[in-house]
2 protein chains.
Amino acid sequence: MLVNGLPSDCISADDRGLSYGDGVFRTLRLRKGQPLQWSLHFAKLSHDCLAMGLDCPAAELLLHELRQLSATLPAAVAKIIITRGRGERGYAMPKSGRHTRVVAIQPEPEFTASKSQDGIQTAVCRIKLGHQPALAGIKHLNRLENVIAASECRDAGLAEGLLEDGQGRVIGGTRSNLFMVQNGGLFTPDLAYCGVDGVQRQRVMAYAGERGLKCSVTNLCVADLQAADEIFLVNSVFGLWPVREFPGYLRTEFPLSNRIRNYLEEDETRS
Amino acid sequence: MLVNGLPSDCISADDRGLSYGDGVFRTLRLRKGQPLQWSLHFAKLSHDCLAMGLDCPAAELLLHELRQLSATLPAAVAKIIITRGRGERGYAMPKSGRHTRVVAIQPEPEFTASKSQDGIQTAVCRIKLGHQPALAGIKHLNRLENVIAASECRDAGLAEGLLEDGQGRVIGGTRSNLFMVQNGGLFTPDLAYCGVDGVQRQRVMAYAGERGLKCSVTNLCVADLQAADEIFLVNSVFGLWPVREFPGYLRTEFPLSNRIRNYLEEDETRS
C-alpha cells in the first residue's frame, strides 16, 4: 500500500476522508501491473474528483504506483482513494491543503464461474436509497447505504442485492449497475438522484452504441424487471452476472447477457 | 490524540471509517479534563453505536482517555470517533473484528460574544438534504451534505446556514439544531428522515419540559420561520446563536433565546 507515494499502511486520524467521507475512490482489476480499462477508470476518477472539487492526481503517477505495487502479481485488485486530506476543524472544505492519495493492492477474489454462467439469485434490499442529486453518480466515500444493503444480502445468503429508491425505482445492485433486456433493447436505471455510475455501465452502453442496440436510461420498477427477458448486473471486479431469479422472476437463458459478458471479458486486455 | 488507547495520530488506511464512513462521532467541550454534559453525550454515542450495530466503548474508558489528553487544559474540544475497524474487502459489515476508537483534543475555538448576543445572519443553503430514515438522527461519518453546505456558507461569509430537505422542510443548520419560538411555544424540525439529533437539542427540549413550555417536533418551512418570533441554533461547541436575519426575516430582540442560552451556559458545569 502506498500513501501519498510512500510505503505506509496508515493515514492521519484527522483526515477528512475519515471525518466526513470527504473523498472518492475506484476499485479496478490489474493483470501483471497493468490496470484493465485504465482510460475509463481514470476518466471516471477525474470526473468524480472534479465533481467534488478535488485535484485528481496525474494518470502517470497513479499508473506508476499501481505498477510498483502489483508488477509481480499475475492478477490483483487495486483500490485508489483520493481524500481532501487533513482537516482544519469544521465541515467546510479547506481552501488549500494537500489531498491524501491511497493506492492499495489486494489479491483478486475468486468467484465461481457458476455465477457468471448460471446467473445469481437476488432480492430487493429493505433499505431504500435516499435522493441526493448533488452527489448522485459519484463514487464518493459516503457509502453507509451500501454497507447496510450489502450486510442484508450477506445475511440472506445472496451474492448481490437490488436497491430501490424511496419511490420504488430500482437503481442498481449494492455494488453493481443493473441492465434489463426487453425485446432486444437494453434499459438501465437513471442515476440522476442516487446510485453510482460505474465504468462497466459505461462499457455496456458503449457496446450497445457500437452495435446499434438501443440502450434507454430510464425509470424501472420491480414490475418492469419481472417482465424482462433478461437482467444482468455489472461491476469492475466480478464482471457480469446474469440474474437467474428473484421473487416473481425466473430465467435460465441469458443470450444477450452472455454476448455482452464475452465482450466485456474479451475487451479486458485493452486498456 | 489516542487511537485505541495508544498515543498515535494515524489509523489504518483500510479502516472502514475511511473506506465507507462506517462509524459515528461526537464533538464536545471539556473544562480541565471534564467533559460538559457527559451523560448526554455518552447516551447519544451509545444510541448511535447501537443504531449502527457498533459496540460502544465503556464510559469509564472514554472518560479516562479524555482526562488523560486534556487534564492540563482549562478549556478544550474533544472529538470521539468509533468506526467498525479494519475491513475485510467489500461493503458488508464484518461479523467480528475490533472497532477503531479515536479520541482527539483541540483547543477550544474562539467565538466572538456578538454572535450569541446580537444574533447571526444566515441563509438557506442551495444543497438539500436527502431522506434516509435508516440513518436519520445519527451522527455518522457520512457527512458530505454537511461539507457541501458548510462550504457554501463559508464562501457566503455566513457563520451558519440553514438546511432544507428536498420537500422544502427546514431540518436544521449545517452543524446545529434549529428551534423556532412562536406565541411562547417552541418548535423544532422532525428528524425522522434526515438531520442529526444533537445533545443540545435534547437539552433545549428538556428545558421546555421542566418549565411546562410546549415544544413541538414538527415540519417547518421557510415561510414558518419568517413568521417566527425568534429562531435560534444550538450545538455543543458554539452553544446557542439567535438568528438576527435571513432573507425575509429580521429580529433584534431574543428574550426566550437569551433565557435558554443562559440555562444552557449555567448548566454547563453539571455533567
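# Questions about a two-chain model

Colleague: Let's start at a turn. What makes β11(A) and β12(A) a hairpin, and which residue in the turn has a positive phi?

Modeller: Strands β11(A) and β12(A) form a hairpin with two residues between them, and Asn183(A) in the turn has a positive phi of about 50°. Please keep in mind that this is a predicted model. The two strands pair in the antiparallel sense over three bridges. Two strands count as paired once DSSP finds at least two bridges between them, so three bridges are enough here. In one of these bridges, Gln182(A) has Gly185(A) in β12(A) as its partner.

Colleague: Why is Asn183(A) called exposed?

Modeller: Asn183(A) has 7 other C-beta atoms within 10 Å. The cut-off for exposed is 12 or fewer, so Asn183(A) counts as exposed. Its place is the loop between β11 (177–182) and β12 (185–189) of chain A.

Colleague: Where is Lys32(A), and why does Lys32(A) count as exposed?

Modeller: Lys32(A) sits in the loop between β4 (23–31) and β5 (34–35) of chain A. Lys32(A) has 12 C-beta neighbours inside 10 Å. Exposed means 12 or fewer, so Lys32(A) meets the cut-off and counts as exposed.

Colleague: Back to β11(A). What makes β11(A) mostly covered?

Modeller: Five of the six residues of β11(A) are buried. A residue is called buried if 20 or more other C-beta atoms lie within 10 Å of its own. Besides β12(A), strand β11(A) pairs with β14 (230–235) of chain A, in the antiparallel sense and over five bridges. There, Asn177(A) has Val234(A) as its bridge partner.

Colleague: Let's step back to the whole chain. How do you know that the radius of gyration of chain A agrees with a compact globule?

Modeller: For 271 residues, a compact globule would have a radius of gyration near 18 Å, and chain A has 19 Å, so the two agree. The C-alpha atoms of chain A fill a box of roughly 50 × 40 × 35 Å along the principal axes. Chain A has eight helices and 16 strands, and 47% of its 271 residues are buried. Of the contacts in chain A between residues at least 6 apart in sequence, 72% join residues at least 24 apart.

Colleague: How do you know that the copies meet through the same surface?

Modeller: Of the interface residues of chain A, 100% are also interface residues in chain B, so the copies meet through the same surface. In numbers, 44 residues of chain A are in contact with 44 residues of chain B. On the chain A side, β3 (10–12), α1 (16–20), β7 (100–107) and α5 (144–155) each supply at least two residues. The largest share, eight residues, comes from α5(A). By class, this side of chain A has 21 nonpolar, 15 polar and eight charged residues.

Colleague: Which strands pair across the two chains?

Modeller: β3(A) and β3 (residues 10–12) of chain B pair in the antiparallel sense, over three bridges. Ile11(A) has Ile11(B) as its bridge partner.

Colleague: Why are β2 and β5 of chain B said to stand at the edges of their sheet?

Modeller: That open sheet has six strands in the order β2-β1-β7-β6-β4-β5 (chain B), with antiparallel pairing. β2 (6–7) and β5 (34–35) of chain B each have a single partner strand, so one side of each is left without a neighbour in the sheet. Within the sheet, β4 (residues 23–31) and β6 (residues 75–83) of chain B pair over nine bridges, and Gly23(B) stands opposite Thr83(B) in β6(B). Helix α2 (residues 38–52) of chain B packs on the sheet, touching β4, β5 and β6 of chain B, and its direction makes about 175° with that of β4(B).

Terms used
Residues are numbered from 1 along each chain as its sequence is written. Chains are lettered from A and ligands numbered from 1 in the order in which they are written. This is a predicted model: local features need pLDDT of at least 70, side-chain atom pairs count only at pLDDT 80 or more; totals for chains, interfaces and linings use all residues. Helices (H or I, at least four residues) and strands (E, at least two) are DSSP runs, numbered from the N terminus. The radius of gyration is taken over C-alpha atoms; the globule rule is 2.2 Å times the number of residues to the power 0.38. Two residues are in contact if their C-beta atoms, placed from the backbone, lie within 7 Å. Ala, Val, Leu, Ile, Met, Phe, Trp, Tyr, Cys and Pro count as nonpolar, Asp, Glu, Lys and Arg as charged, and the others, Gly among them, as polar. Axes are lines fitted to C-alpha atoms, for helices over the stretch in contact, and angles run from 0 to 180 degrees between N-to-C directions.
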